[in-house]
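Here are my notes on the model you sent.

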Amino acid sequence: MNNYEFLDPVMPGDPSVEMTAITTDQFESILNIQQKILNFIAQDRKENDILDELCTLSEVMLESSVASIMLLNPNTESLSLVSAPSIPEDSHHLLYGVLPNSGNGSCATAFAHGRPAYVNDTSTDDRWRNARDLANSFEIKSCWSMPVYNRDGRVIGTFALSSAKQRRPSTFHDRLLKMCSSAVSILLERKELRRLSVTDKLTGLWNRVKLDQGLHAQRASYSVYQETYSVMIIDIDHFKHINDNYGHNVGDTVLSGIAEVLRDNIRPRDLLGRWGGEEFMVLLPDSGNGKALEIGEEIRMAVRNHSFGLAGDLTVSIGICEVKENLRTLEVVDRADRALYRAKASGRDRVCMFYKNKGKRPSNIVDINKKAAATAL
Ligand SMILES: Nc1nc2c(ncn2[C@@H]2O[C@H](COP(=O)(O)OP(=O)(O)OP(=O)(O)O)[C@@H](O)[C@H]2O)c(=O)[nH]1
C-alpha cells in the first residue's frame, strides 16, 4: 500500500475520527490556508517561515490548540521539533531527540506506524505510556499527529495539533491535518532543492552561485556600513600532478580533505565555498587591518601540516583582496585573483594580498612571506 493513501479522506467507520460532514465554512477555511501557503511560496518566502505560518494558521482552526512539526534527524534516528511558534522556545529542548517508537507519544507513534495517531486522552492512551511526563510538562490532553511523507512515500516527520482538552478529531480536522502534512512535505522538498542548488556536491561546501550571492551581499552591506571585508581565493598547488599520478578519485578525496581543513580554520561568520576546480573562496566580513592575511596564513599552515593520505603533503597559494571602498564584485575578485597569481608566480605555498597603493604600479600586492620587501617595491 502506498503511504500517501493515508492522506486520502478518512474511511467511514474509522473510530478515531468523529464522522461529521464538513461544512462550507470549514471547507473554505482549509482552502484559505492553502491559498496563503501558495502565496508565500510564490513570494519566495523562506520555507522555515512558511512552516511557522502553517502552524499558526492551523491553530486558528481549533480553539486553544498548539501546532508542531517534527522531523527525523537521520544521524541520530530521532525526531526533533522544527516548527512550533506557539511553544515557548525555552521548552523546545524537551522535544529534541524523541525516539520514534510507539508509546513515546502521538508523533513518535504516527512516525513509527506511518499512519495518523489521534490520541484523545494522553493520560490513559497506551501510545503515551512512555511520555506521560512530557504530556504533563506541556499540559497536553489530546494530541493528533499525522505523518509527513517524502516524494518516495517514506515517512520523514509529523504534523500535529495538541490541546489542553480531551478531544476527538472530526472529519474536518482529519482533512486539515492531511492538507498540512502535504504542505509540509512540499515545503521540505523545496527547501532541500534550494539547498542543493547552492551546494557543491563533492565537498558539501557552498557553490559558486552562493558565493556570487555572498559577494553581492557583501558589496550591498559595505555601501551601508562601510565595514572593511575581504575576499580570499585559495588554490591547491600542482593539483594536476595528483590527478595524473594517483587518479581522479584521489584528486577528489584531496578536494574534500582541503574543504575540511578550510572549514576548521575560518570564523563562523565567514562564507566558504568552492569557486571552481581546485579553487576555493572565503568571504570574510569585518576583516580590516590585515585580519584576512592572518587567517590566510593560518590556512596555509594548516594545509601544510595536514596529511592527505596517498597524495601526501600538499600546499596552497592564497590571494586576498581587502575591500575598503565601494568596488564592483568583478573588480574585487579580479584583485584577489591578481594576488593569487603573484603567490603562484613567486614560488607557491604563500599568501599575497592586493592593496591599494595610491597610483604606483605594480607595487600593489603584498607577499606575506617577504612583507617588508614587497611593501618597499
Ligand atoms: N579530481 C578532480 N580534479 C579536478 C576537479 N576540477 C578540476 N580538476 C583538476 O584540477 C587540475 C588543475 O590544474 P592546473 O590548473 O594546471 O593547476 P595545478 O596543477 O594545480 O597547478 P598550479 O595551480 O599552477 O599550482 C586539472 O588537472 C583539473 O582536471 C575535480 O572536481 N576533481
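Helices here are DSSP runs of H or I with at least four residues, numbered from the N terminus. Please keep in mind that this is a predicted model.

1. Arg300 and Glu297 both sit in helix H9. They are three residues apart, about one turn of the helix. An α-helix has 3.6 residues a turn, so residues three or four places apart point the same way. Arg300 forms a salt bridge with Glu297, and the closest N and O atoms are 2.7 Å apart. Arg300 counts as buried because its relative accessibility is 7%, under the 20% cut-off. Glu297 has a relative accessible area of 21%, so it is partly exposed.

2. Arg263 forms a salt bridge with Glu260, with the closest N and O atoms 2.4 Å apart. Both residues belong to helix H8 (residues 248-264). Because they are three residues apart there, about one helical turn separates them. Arg263 is partly exposed, with a relative accessible area of 34%. Glu260 is also partly exposed, at 39% relative accessibility.

3. Which residue forms a salt bridge with Glu47? The partner is Arg190, and the closest N and O atoms are 3.2 Å apart. Glu47 is buried, at 3% relative accessibility. Arg190 is partly exposed, at 24%. The pair belongs to a network of salt bridges that links Asp44, Glu47, Arg190 and Arg194. A search of the whole structure finds 27 salt bridges.

4. Cysteines. How many disulfides does the structure hold? The number is zero. Cys55 is in no disulfide, and its nearest cysteine sulfur, that of Cys180, is 7.9 Å away. Cys143 is in no disulfide either; there the nearest cysteine sulfur is that of Cys107, 4.9 Å away. A disulfide would need the sulfur atoms within 2.5 Å. Cys55 is buried, at 0% relative accessibility. Cys143 is buried too, at 3%.

5. Helix H3. Is helix H3 mostly covered or mostly uncovered? Helix H3 (residues 106-113) is mostly covered, with six of its eight residues buried. The buried residues are Ser106, Cys107, Ala108, Thr109, Ala110 and Phe111. They pack against strand S1 (65-73), strand S2 (78-83), strand S3 (117-119), strand S4 (142-149) and strand S5. Gly114 follows H3 and has a positive phi, near 65°.

6. Thr158 in strand S5. Thr158 lies in strand S5 (residues 155-163). Thr158 counts as buried because its relative accessibility is 0%. Leaving out residues up to four places away in sequence, Thr158 touches Ser68, Ile69, Met70, Cys107, Ala110, Phe111, Ser145, Met146, Pro147 and Val148. Cys107, Ala110 and Phe111 are among the buried residues of H3.

7. Phe308 in a loop. Where is Phe308 placed? Phe308 is in the loop between helix H9 (291-304) and strand S9 (316-323). Phe308 is buried, at 9% relative accessibility. Leaving aside neighbours within four places in sequence, Phe308 is in contact with Val254, Gly257, Ile258, Val261, Val303 and Leu314. The C-alpha atoms of Phe308 and Asp200 are separated by 20 Å, and the two residues are 108 residues apart along the chain.

8. A nonpolar patch. Ile22, Phe27 and Leu31 form a nonpolar patch on the surface. Together they have about 270 Å² of accessible area. Ile22 is found in the segment before helix H1 (24-42). Ile22 counts as partly exposed because its relative accessibility is 31%.

9. Domains. The protein is divided into domain 1 (24-195) and domain 2 (208-376). The C-alpha centres of domain 1 and domain 2 are 45 Å apart.

Terms used. Residues are numbered from 1 along each chain as its sequence is written. This is a predicted model: local features need pLDDT of at least 70, side-chain atom pairs count only at pLDDT 80 or more; totals for chains, interfaces and linings use all residues. Side-chain values use heavy atoms; hydrogens and water are left out. Helices (H or I, at least four residues) and strands (E, at least two) are DSSP runs, numbered from the N terminus. Buried means under 20% relative accessible area, exposed over 50%, partly exposed in between (1.4 Å probe, protein chains only). Contact means heavy atoms within 4.5 Å. Patches are made of residues with over 30% relative accessible area and no salt bridge: like charges are joined within 9 Å, nonpolar side chains (Val, Leu, Ile, Met, Phe, Trp, Tyr) within 5 Å. Accessible areas come from the Shrake-Rupley method with a 1.4 Å probe; for residues, only the protein chains shown count as cover. A salt bridge is a side-chain nitrogen of Lys or Arg within 4 Å of a carboxyl oxygen of Asp or Glu. Domain bounds come from an automatic or database domain assignment.
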